[in-house]
Amino acid sequence: MSIKNLYKGMVQFRKELFIEYAQAYTEKQARIVIARRIAKKQEVLPVVVLSWMKEFPERFDVKIEQEFEEIEE
């Protein structure tokens, strides 16, 4: 079974800085989760935030904050 890691996303969207955390399996999945949260706060569709991220990649950063490992006993 795979374990989700904790990702931290810092996004400058519409002159406002958003710092969001998301548990996800991959960085791509974390980016989508974070985009959905920002879209909800800004009352826009998630596709608006995702297309903005594609257009301005220098204005957002998603990195692993905490990596987890599965320990087999």
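How many helices and strands does the protein chain have? The protein chain has two helices and three strands.

**Figure 1. The whole chain at a glance.** This is a predicted model, in which local features need pLDDT of at least 70 and side-chain atom pairs count only at pLDDT 80 or more, while totals for chains, interfaces and linings use all residues. Residues are numbered from 1 along each chain as its sequence is written, and side-chain values use heavy atoms, leaving out hydrogens and water. Helices (H or I, at least four residues) and strands (E, at least two) are DSSP runs, numbered from the N terminus. The C-alpha atoms fill a box of roughly 50 × 20 × 20 Å, taken along the principal axes. Of the 73 residues, 26% count as buried; buried means under 20% relative accessible area, exposed means over 50%, and partly exposed lies in between (1.4 Å probe, protein chains only).

**Figure 2. A network of salt bridges around Glu 20, Arg 37 and Lys 41.** A salt bridge is a side-chain nitrogen of Lys or Arg within 4 Å of a carboxyl oxygen of Asp or Glu. Lys 41 pairs with Glu 20, and their closest N and O atoms are 2.4 Å apart. This pair links distant parts of the chain, with Lys 41 in helix α1 and Glu 20 in strand β2, 21 residues apart. Arg 37 also forms a salt bridge with Glu 20, at 4.0 Å between the closest N and O atoms. Here, Arg 37 in helix α1 and Glu 20 in strand β2 are 17 residues apart. Is Glu 20 buried or exposed? Glu 20 counts as buried because its relative accessibility is 9%, whereas Lys 41 is exposed at 51% and Arg 37 is partly exposed at 34%.

**Figure 3. The salt bridge of Lys 63 and Asp 61.** The closest N and O atoms of this pair are 3.7 Å apart. Lys 63 counts as exposed, with 52% relative accessibility, and Asp 61 is partly exposed at 29%. The structure holds three salt bridges.

Figure 4. Strand β2 (residues 16–24) gives the most to the patch, with three residues. Leu 17 is found in strand β2 and is exposed, with a relative accessible area of 55%.
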